[in-house]
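Take a moment to turn the model around before you read on.

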Amino acid sequence: MRPNPPEVDRAAASKAAVAARRARAAVKQDILTGARTPLAVLRASIDPAAKPEHTLRVTEYLTSIPNIGPTKLERILADLGISPAKRLGGLGVHQREHLEDFIVRWQTAKSIIEPSRLVVLAGPTAVGKGTVSTHIRENYPDVMLSVSATTRAPRPGEIEGVNYYFVDDEGFDRLIADGALLEWATVHNAYRYGTPRAPIEAALAQGKSVLLEIDIQGARQVRQAMPEARLVFLLPPSWDELVRRLIGRGTESSEEQSRRLVTAKQELAAQDEFDYAVVNRDVPDAAREVVDLMQIRSVSPASTAR
Ligand code: 5GP
């Protein structure tokens with residue numbers, strides 16, 4: 001039996017462990033905030049003397065990179081053939097090469113998209129645009145979420161001025177006549193929806209970032225009116241999943257559901273017109289990917305703790 005270490009050694013060891021954890025957390029924070037590139041950290045990790053980098057778990061390393069959440073992490077590790085238990089210093093030569101190639105490809109892909117403070121989130125019906133934008137509203141207070149006007153009636157729980165401005169047909173006609181809408185469209189051949197122009201212009205003038213969650217016709221109009229906008233297309237993980245989400249929501253009649261499925265099919269075909277596609281497998285991941293296009297970091301503990 002191994003003798004217990006003396007009390008002083010145990011205290012020293014636990015102090016050292018705390019210090020090591022803090023040092024690794026600082027490396028992760030540097031990657032998250034962009035103070036260090038993921039590539040620089042990976043390259044430093046080869047040196048056993050670079051303790052925090054060398055002992056950083058590959059899972060912690062990857063999830064501190066903006067845009068990589070738990071779902072993507074699993075796929076990336078599987079693709080690279082790296083066990084989640086590995087630390088950066090413990091990677092084999094080939095694993096290190098593969099990981100480095102992956103990071104280079106990842107950074108190149110991201111840098112092709114110029115960030116913009118105006119992002120339009122569109123996508124087929126029931127893909128979860130509302131859930132993603134609600135997550136952004138709740139976790140990224142620096143992003144102004146545009147509130148649309150609509151002629152449809154409020155659903156239970158929807159709040160005037162938060163979810164929509166609910167107006168009647170005449171009210172909507174007036175908004176159009178006054179030029180108060182940046183874009184508007186009739187969605188699902190039913191109700192009219194439009195984006196009030198003034199709050200967006202004011203927010204952009206104040207240096208804020210703005211997110212519009214609108215339909216595809218609206219996204220096209222915004223591109224015409226404000227070419228600096230980035231258009232993001234939210235994709236379902238699969239068509240079956242989209243159908244499941246649409247039916248599962250249970251807020252529409254079956255006639256309305258089939259009308260929305262027809263629209264969704266047409267809408268999916270429009271994805272190539274967009275600057276960027278985000279697959280909505282996991283809401284916080286998708287939200288983060290959208291917000292990253294504005295180069296804003298979350299301040300919420302939920303996101304920084306990942
Ligand atoms: P819902 O009735 O489910 O809230 O929204 C139906 C559709 O209208 C969604 O696809 C949503 O993105 C879209 N929508 C909401 N606001 C606007 C808007 O201001 N303009 C346009 N063009 N579409 C909108």
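A residue is called buried when its relative accessible area is under 20%, exposed when that area is over 50%, and partly exposed in between, using a 1.4 Å probe and protein chains only. Helices (H or I, at least four residues) and strands (E, at least two) are DSSP runs, numbered from the N terminus. This is a predicted model, in which local features need pLDDT of at least 70 and side-chain atom pairs count only at pLDDT 80 or more, while totals for chains, interfaces and linings use all residues. Residues are numbered from 1 along each chain as its sequence is written, and side-chain values use heavy atoms, leaving out hydrogens and water.

**A strand and its partner**

Let's begin with strand S5, residues 181–187. Five of its seven residues are buried, so the strand is largely enclosed by the rest of the structure. Two strands pair if DSSP finds at least two bridges between them. Six bridges link S5 to strand S6 (residues 191–196), and the two run antiparallel. In this pairing, Leu-181 stands opposite Pro-196 of S6. The two strands form a hairpin with three residues between them, and His-188 in the turn has a positive phi of about 55 degrees.

**Around the ligand**

A residue is near a molecule or strand if one of its heavy atoms lies within 4 Å of it. There are 16 residues around the ligand, and those that come nearest are Lys-129, Ser-148, Arg-152, Tyr-164 and Tyr-193. Some side chains also make polar contacts, meaning pairs of N or O atoms within 3.5 Å; within protein, one atom must be able to donate a hydrogen and the other to accept it, and residues adjacent in sequence count only if both atoms are side-chain atoms.

| Residue | Distance to a ligand oxygen atom |
|---|---|
| Arg-155 | 2.9 Å |
| Tyr-164 | 2.5 Å |
| Thr-195 | 3.3 Å |

Taken alone, the ligand exposes 510 Å², and the protein buries 94% of that. Accessible areas like this come from the Shrake-Rupley method with a 1.4 Å probe; for residues, only the protein chains shown count as cover.

Now look at Ala-149, which is found in strand S3 (residues 148–150). Is Ala-149 buried or exposed? Its relative accessible area is 2%, so Ala-149 is buried. Contact means heavy atoms within 4.5 Å. Setting aside residues up to four places away in sequence, Ala-149 touches Tyr-165, Phe-172, Leu-175, Arg-192, Tyr-193, Gly-194 and Pro-196.

**The nonpolar cores**

In soluble globular proteins, nonpolar side chains tend to be buried together. A nonpolar core here is a set of buried Ala, Val, Leu, Ile, Met, Phe, Trp, Tyr and Cys residues joined through side-chain atoms within 4.5 Å. The largest one has 23 residues, and Ile-136, Leu-211, Val-232 and Val-290 have the most contacts inside it. Among the elements that each supply at least two residues of this core are strand S1 (118–122), helix H11 (239–249) and helix H13 (283–292). H13 gives the most, with four residues.

Which residues does Ile-136 contact, leaving aside its neighbours within four places in sequence? They are Val-143, Leu-211, Ala-287, Val-290 and Val-291. A second, separate core of 22 residues includes Leu-56, Leu-62, Phe-102 and Ile-103.

Leu-211 sits in strand S7 (residues 209–213). With a relative accessible area of 0%, Leu-211 is buried. Its contacts beyond four places in sequence include Val-119, Leu-121, Ser-133, Ile-136 and Met-294.

His-135 belongs to helix H7 (residues 129–139). Its relative accessibility is 17%, so His-135 counts as buried. Not counting residues up to four places away, His-135 touches Tyr-140, Val-283, Pro-284 and Ala-287.

Ala-277 lies in strand S9 and counts as partly exposed, at 42% relative accessibility.

**The whole chain**

Finally, step back. The protein chain has 14 helices and nine strands, and its C-alpha trace spans about 85 × 40 × 40 Å along its principal axes. Of its 306 residues, 44% are buried. Among contacts with a separation of 6 or more, 69% are between residues 24 or more positions apart.
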